[in-house]
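I opened this notebook to keep track of what I looked up, one entry per topic. The structure comes before the entries.

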Amino acid sequence: MIFDRDPAARSVIEILCCYPGMHALWFYRISHSLWLAEFCFLARLTSHLARFFTGIEIHPGAQIGKRFFIDHGMGVVIGETAEIGNDVTIYHGVTLGGTTWQKGKRHPTIGNNVVIGARASVLGAIMVGNDSTIGSGSVVVKDVPPNSTVVGVPGRIVFKDGKRIDSLHGVDASQLPDPVAQAIKCILERVHELERDYQSHKKLEPLPTGNNPPQEDIERRQERLKRIEEHHNCPVLQQFIDGDGI
């Protein structure tokens, strides 16, 4: 499994001795068993020792599925009520955290076959759907539907060429789109369109005062208004302004 997800892995002995993500999972399996047996102090002490030795903090109450892989791992934090499905991969600095001091479910649920990039934060009792990718440095605070790619702060679902971007399933992460850059581009396009409209407006003759203005003038003005309306309703810009995130 690790050989499939980390091209730097060269041998079994290297994985057993030099992969803190695997060591943290060994500690977690022990601490989780103690937690289920209601030896809560011993469970927390075991997870604390795991953090000391590996730099990875997994609360013993978290639920983790099969073939979970933490690459590098330093700074990873997984909260008490977090739930992680099968075949999930996370990178260093990832936080699966809570947003409330109230008891109960307060950490995210991660579906199967999810990849979470370095230093991403998934916060609150939200759901990340199966086969999704969370881009590095993203902050996700709302549910993510299955088969989605999320980037940005706050996290937004993004697509490239009308298709899902699978950044960490074989595509260079540098190809992830930037929602902020897209919003700025939309603003610049709107400004340029307004400038063109202003220059065009200066060239247009005033409409005749009669009841039947020339059809050509009417069509030109209608086309100009249509272009303005299209740029005014730019969904990327509106989402950015509203701060809705996903």
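Entry 1, the whole chain. I noted at the outset that this is a predicted model. I counted seven helices and 17 strands in the protein chain, and I found that buried residues make up 38% of its 246 residues. I then looked at the contacts with a separation of 6 or more, and 36% of these are accounted for by residues 24 or more positions apart.

How do the axes of H3 and H4 cross? I looked up helix H3, residues 20-36, and helix H4, residues 40-54, and their axes come within 8 Å and cross at roughly 175°. Angles over 145 degrees count as roughly antiparallel, and H3 and H4 are therefore roughly antiparallel to each other. On the H3 side I listed the residues that make the contact, among them Phe 27, Ile 30, Leu 34 and Trp 35, while the H4 side includes Leu 42, Arg 44, Ala 50 and Phe 53.

I traced an open sheet in the order S3-S6-S9-S12-S14-S15, and its pairing is mixed. Which strands stand at its edges? They are S3 (69-70) and S15 (156-157), each with a single partner strand, so one side of each is left without a neighbour in the sheet. Within this sheet I followed strand S12, residues 133-134, which runs parallel to strand S14, residues 149-151, and is joined to S14 by two bridges. For Ile 134 I recorded Val 150 as the bridge partner in S14.

I checked the pairing of S1 with strand S4, residues 77-78, and found it parallel over two bridges, with Ile 58 standing opposite Ile 78 of S4.

Asn 113 has a positive phi, near 60°, and I located Asn 113 in the loop between strand S8 (109-110) and strand S9 (115-116). Is Asn 113 buried, partly exposed or exposed? Its relative accessibility is 31%, so Asn 113 counts as partly exposed. Asn 147 likewise has a positive phi, of about 60°, although it is not a glycine, and its place is in the loop between strand S13 (139-140) and S14. At 42% relative accessibility, Asn 147 counts as partly exposed.

How many disulfides does a search of the whole structure find? The search returned zero. I looked at Cys 17, whose sulfur has its closest cysteine sulfur in Cys 18, at 5.7 Å, which is too far for a bond, given that a disulfide needs the sulfur atoms within 2.5 Å. Cys 18 is exposed, and I noted its relative accessible area as 52%.

Definitions and conventions. Residues are numbered from 1 along each chain as its sequence is written. This is a predicted model: local features need pLDDT of at least 70, side-chain atom pairs count only at pLDDT 80 or more; totals for chains, interfaces and linings use all residues. Side-chain values use heavy atoms; hydrogens and water are left out. Axes are lines fitted to C-alpha atoms, for helices over the stretch in contact, and angles run from 0 to 180 degrees between N-to-C directions. Helices (H or I, at least four residues) and strands (E, at least two) are DSSP runs, numbered from the N terminus. Angles under 35 degrees count as roughly parallel, over 145 as roughly antiparallel, 65 to 115 as roughly perpendicular and the rest as oblique. Contact means heavy atoms within 4.5 Å. Two strands pair if DSSP finds at least two bridges between them. Buried means under 20% relative accessible area, exposed over 50%, partly exposed in between (1.4 Å probe, protein chains only).
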